Amino acid sequence: MIPFQYVRALKQRSAIDAVLKDKSAQFIAGGTNLVDLMKRGVTAPQKVVDITNLPLKEVVLKNNKLLIGALALNADVAEHPFVVKHFPLLSLALQAGASAQLRNMATTGGNMLQRTRCPYFYDTVLPCNKRNPGSGCGALEGYNRMHAIFGASDKCIAVHPSDMAIALAALDAVVLVSGAKGDRRIPFTDFHRLPGDRPEIDNNLVRGDLVVGVELSQNAFSKHAHYLKIRDRASYAFALVSVAAALDINGNTINNARLAMGGVAHKPWRLFTAEKFLAGKPATEENFKAAAALEMQTAKAYEHNKFKLTLAPNTVVEALKIAAKV
Amino acid sequence: MENESASHAPNGSRRDFLKQSSLLTALALTPTAVIKAAENDEEIASVFEKVPLKFEVNGVKHSLSIEPRVTLLDLLREQMKLTGTKKGCDHGQCGACTVHIDGRRVNSCLTLAVMQEGKKVTTIEGLANGDKLHPMQEAFIKHDGFQCGYCTPGQIMSAVACVREGHASSPEQVREYMSGNICRCGAYPNIVDAIMEVKNGGNKI
Ligand SMILES: Cc1cc2nc3c(=O)[nH]c(=O)nc-3n(C[C@H](O)[C@H](O)[C@H](O)COP(=O)(O)OP(=O)(O)OC[C@H]3O[C@@H](n4cnc5c(N)ncnc54)[C@H](O)[C@@H]3O)c2cc1C
Ligand code: FES
Ligand code: FES
């Protein structure tokens with residue numbers, strides 16, 4: 001790790017200013033992604049701004065909205081009684097991520113901002129447009145088993161690795177941001193971006209933007225929600241495919257469905273087409289299969305991830321069956 | 001009060017040098033006052049190669065001066081000679097480096113030491129009570145919860161936390177909540193047995 005200057009921020013404003021002032025400065029929260037990337041030389045900030053002393057750790061209920069501070073730890077959010085009761089999807093997704101130790105360090109803000117785990121991004125001698133714009137995408141013609149089947153470009157086929165983000169996308173969370181131009185609210189589905197011609201940009205934040213928290217509105221999905229993660233081992237591995245499924249069911253009729261997939265795109269992939277198809281229909285395996293098939297029409301696989309074309313719809317159907325209890 | 005205390009930027013101008021030398025003199029006299037001063041002036045603070053760190057390890061208070069890029073794992077092993085905590089992967093993937101910070105298990109390899117100001121760290125060396133082993137250490141010996149032993153300090157620190165967190169209600173739950181600790185010798189069944197015995201013993205650990 002190259003040497004860097006360490007700044008301990010005690011006020012939100014000074015944290016933001018420190019990063020605005022210095023182009024090579026980065027915030028650090030849990031450090032579980034940043035320190036790893038710094039050790040590997042993937043990123044090399046000259047200034048690291050420690051935000052862990054800011055008062056952003058709380059999870060509070062305010063006017064029927066749940067406010068999760070950016071520094072609330074993944075382990076604490078996952079077990080927060082209110083989250084478990086009203087947003088079980090988020091709790092399950094958090095518990096499916098990383099390990100007990102890492103969840104004790106990882107924060108809500110850091111989790112949604114973690115970088116891709118694409119091996120070409122990690123290995124600094126290989127080409128990668130995300131790490132080194134213009135160097136090419138090593139995965140496109142390389143070993144692309146973990147890579148995207150939705151929304152990729154010929155510049156980048158990496159996927160977003162977060163489990164938490166998939167649940168937040170399905171639950172229509174709002175990201176609360178504070179930055180140079182004041183405070184902003186970004187709907188979670190607009191927070192991350194697709195790679196297009198600028199894969200080095202993961203999301204719609206700009207320099208100096210600090211994520212201060214996430215807001216969730218009460219919903220009717222808590223009784224029928226499931227997060228299903230398929231991975232190479234039973235625990236402590238990133239998703240090949242994951243599905244966050246939440247249903248609002250009346251009798252056997254689906255009023256509303258919320259679906260998002262992980263491990264398949266540069267951002268949490270909301271299944272709007274499938275959601276629309278399911279609304280108003282009976283909760284049957286047949287309908288689940290039809291919804292998944294509709295969504296898969298836009299999927300495109302590469303040499304080593306063709307299995308995802310089968311795994312993804314199967315996982316959608318299975319997650320929906322578990323959520324609907326059919 | 002301003003909000004930053006900072007360090008490192010080896011490009012010392014004459015002005016910086018003057019500030020540094022007077023600061024270093026002052027530091028020897030009244031550390032807290034000067035560190036406060038450093039918090040007021042990022043430029044002054046930035047001439048330090050090392051940052052002060054006060055924290056507690058295994059019940060002993062330490063006041064050190066460290067480089068910001070040093071991980072807690074390297075500080076413990078290389079500078080404090082607490083080599084019980086192991087370095088397996090150095091990337092958060094194996095759990096060999098597990099320690100407790102303020103009672104919670106974490107991977108010390110992905111933790112910057114400088115961020116532990118005011119924290120209480122417990123390592124495997126701090127688990128036993130004098131010559132009397134911790135019940136989890138006893139259980140690992142009794143159940144043969146290791147072969148080469150390299151992952152063991154991390155396993156034991158993780159296991160103690162797993163029971164304290166209430167995540168050891170069944171062997172299945174133990175397997176899930178211990179998944180952050182890899183054992184290349186494959187001692188997993190015995191590790192689970194050891195943890196279940198401590199848990200079922202019902203004693204507060
Ligand atoms: C071995 C291993 C396995 C893992 N497995 C999984 C898994 O299965 N599923 C999963 O979802 N994740 C997994 N992770 C990733 C882990 O969840 C993330 O590393 C973690 O959530 C990042 O949070 P952090 O607080 O440590 O972020 P940091 O490392 O501190 O920061 C990450 C990035 O976010 C920025 N940042 C942090 N906080 C803010 C803020 N408030 N505002 C603006 N910018 C900010 C930082 O500048 C940095 O660029 C794994 C990690 C490891 C090492
Ligand atoms: S050495 Fe820290 S997890 Fe492997
Ligand atoms: S005992 Fe050898 S690695 Fe676990």
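How many residues of chain A are in contact with chain B? In this predicted model, 43 residues of chain A are in contact with 40 residues of chain B (contact means heavy atoms within 4.5 Å). Residues are numbered from 1 along each chain as its sequence is written, and chains are lettered from A in the order in which they are written. Local features need pLDDT of at least 70, side-chain atom pairs count only at pLDDT 80 or more, and totals for chains, interfaces and linings use all residues, while side-chain values use heavy atoms, without hydrogens and water.

The two chains bury about 3500 Å² between them, 49% of it on carbon and sulfur atoms (buried area is the accessible area, with a 1.4 Å probe, that two parts lose on being put together, summed over both). On the chain A side, A:Tyr6, A:Arg8 and A:Gln101 lose the most area to chain B, together 20% of what that side buries.

Two salt bridges are counted between chain A and chain B (a side-chain nitrogen of Lys or Arg within 4 Å of a carboxyl oxygen of Asp or Glu). B:Arg104 forms a salt bridge with A:Asp76. Their closest N and O atoms are 2.9 Å apart.

Nonpolar cores were also identified (sets of buried Ala, Val, Leu, Ile, Met, Phe, Trp, Tyr and Cys residues joined through side-chain atoms within 4.5 Å; buried means under 20% relative accessible area, with a 1.4 Å probe and protein chains only). The largest has 40 residues, of which A:Ile68, A:Leu89, A:Leu90 and A:Leu216 touch the most other members. A second, separate core of 33 residues includes B:Leu76, B:Met80, B:Leu82 and B:Met115.

Note on methods. Buried means under 20% relative accessible area, exposed over 50%, partly exposed in between (1.4 Å probe, protein chains only).
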